[in-house]
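Subject: Structure for your review

Dear colleague,

Please find below the sequence and the structure that I would like to hand over to you. My notes on what was found follow directly after it.

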Amino acid sequence: MSISRGEFKGSARRHITVPMSLAFTHLGTGSRGNATLVESGDAKILIDQGFSGKQLEKRLARMEIRPDEIDAIVLTHHHGDHGGGAGISQRRWDIPIFCNDRTASALNLDLRGVQLFESLEALEFADDLALLPVPVPHSGADNVAFIASHRGERGAVITDLGSWTDELVNHVSGCQHISIEANYDHSRLWNGPYPNTLKDRISSRGGHLSNDQTGQFLSKVVDKNTRSLVLTHLSEKNNAPHLAESTVLYHVDDLFEGDIRVSLQDGPEFTHHIGQTESERISREGITLRGWAPERGGNGGGVVARVGS
């Protein structure tokens, strides 16, 4: 499945040179909404749209991007914090939606503006950007992870899964960038106020990854080519950035020499560019500061990482 280059909207953001490398910016991750901007220079693709129209406008404005500059929205699954804003994006800005059949049906999307895909069917949005949907286990949804590829660069966005498959390991291995959920700290979840039925659902094979599980998964896929990790979708009640980061590093510190950051609910706050030493921090005022990079682990969330050093 492909869209020709000529169909892309493609206007560059003001005052900022659009990166030609593959770039990832989380507009926010968590139970109150998720969206990740993937850019290749020619294309701007949103993975998920779980925000209201107003929130999407506000978050994109901090990057000097308008919603009508988004070329497509690809959805991991239909749950409201990931797909709840897809319909308004269709109606208000005529943004094409890419998703599987169950997601489109559950969100009651206008199929005239939807491109349906099957798992492991490459979506080619330009001649230099493709996304591969890879199935992951998540109860009550046909959920997928996405592997983005661009001129030899590869990055993964993985969310809402309680376990993983050998197939996912195979596709994520070799990615220079990996964004993956680290939803809960096991002790905080089980000693917290949630009823046992909810605790069981969260920690089940079709629920969410704990910090420890995320670390175990990353230990199977991280190597010397992995330049950046972003931990996403942290529970506000059952996790904390320092717990997620320290637990994951326990599993991968001997394997991983890149940068690790945490994406929280109130984004965007940083952008990762694969293959560039120059990186971006996004200020609250919407100003993008290039070349600013703190030491690894210098902040539990909301700081830019060095990439491609």
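The lining of the largest pocket is made up of six nonpolar, nine polar and five charged residues. Please bear in mind throughout that this is a predicted model. The space inside this largest pocket comes to about 390 Å³. It is lined by 20 residues, and those closest to its centre are Ser31, Asp81, Asn183, His208 and His233. Helix 7, residues 196-202, supplies the largest share of the lining of the largest pocket, with three residues.

Rolling a probe the size of a water molecule over the atoms shows where empty space is left. In this structure there are two cavities of 30 Å³ or more. The largest cavity has a volume of about 110 Å³. Among the 16 residues that line the largest cavity, Thr29, Asn34, Thr36, Val157 and Thr159 are the closest to its centre. Strand 1 (23-28), strand 2 (35-39), strand 10 and strand 11 each give two or more residues to this lining. Sorted by class, the lining of the largest cavity holds five nonpolar, 10 polar and one charged residues.

The second largest cavity has a volume of about 40 Å³. Its lining consists of His26, Val262, Ser263, Leu264, Gly267, Pro268, Glu269 and Phe270. By class, these are four nonpolar, three polar and one charged residues. Proline 268 sits in the loop between strand 13 and strand 14 (270-273).

Strand 13 also belongs to a sheet. This is an open sheet of seven strands with mixed pairing, in the order 7-8-9-10-11-12-13. Strand 7 (123-126) and strand 13 (259-262) each have a single partner strand, so one side of each edge strand has no neighbour in the sheet. On average, neighbouring strands of this sheet are turned by 15° against each other, direction ignored. Within the sheet, strand 11 (residues 177-181) pairs with strand 12 (residues 228-232) in the parallel sense, over five bridges. Glutamate 181 stands opposite threonine 232 of strand 12.

Two helices lie across strands of this sheet. Helix 8 (residues 211-221) lies across strand 10 (153-158), strand 11 and strand 12, and runs at about 160° to strand 11. Helix 9 (residues 241-252) lies across strand 12 and strand 13, and runs at about 150° to strand 13.

How far apart are the axes of helix 1 and helix 3? The axes of helix 1 (residues 53-61) and helix 3 (residues 86-93) are 9 Å apart, and the two helices pack at an angle of about 80°. Helix 1 is therefore roughly perpendicular to helix 3. At this contact, Gly53, Lys54, Leu56 and Glu57 of helix 1 meet Ile88, Ser89, Arg92 and Trp93 of helix 3. By class, the contact comprises three nonpolar, two polar and three charged residues.

One backbone detail remains. Glutamate 64 lies in the loop between helix 1 and strand 4 (72-74). The phi angle of glutamate 64 is near 60°, which is a positive value in a residue other than glycine.

With kind regards

Terms used:
Residues are numbered from 1 along each chain as its sequence is written. This is a predicted model: local features need pLDDT of at least 70, side-chain atom pairs count only at pLDDT 80 or more; totals for chains, interfaces and linings use all residues. Side-chain values use heavy atoms; hydrogens and water are left out. Two strands pair if DSSP finds at least two bridges between them. Helices (H or I, at least four residues) and strands (E, at least two) are DSSP runs, numbered from the N terminus. Axes are lines fitted to C-alpha atoms, for helices over the stretch in contact, and angles run from 0 to 180 degrees between N-to-C directions. Contact means heavy atoms within 4.5 Å. Angles under 35 degrees count as roughly parallel, over 145 as roughly antiparallel, 65 to 115 as roughly perpendicular and the rest as oblique. Ala, Val, Leu, Ile, Met, Phe, Trp, Tyr, Cys and Pro count as nonpolar, Asp, Glu, Lys and Arg as charged, and the others, Gly among them, as polar. On a 1 Å grid over the protein atoms alone, a cavity is a set of points where a 1.4 Å probe fits but cannot get out, and a pocket is an open set with protein on both sides within 12 Å along at least five of seven lines; lining residues have an atom within 4 Å of a point. Grid points are joined across faces, edges and corners, and a volume is the space filled by probe spheres set on the points.
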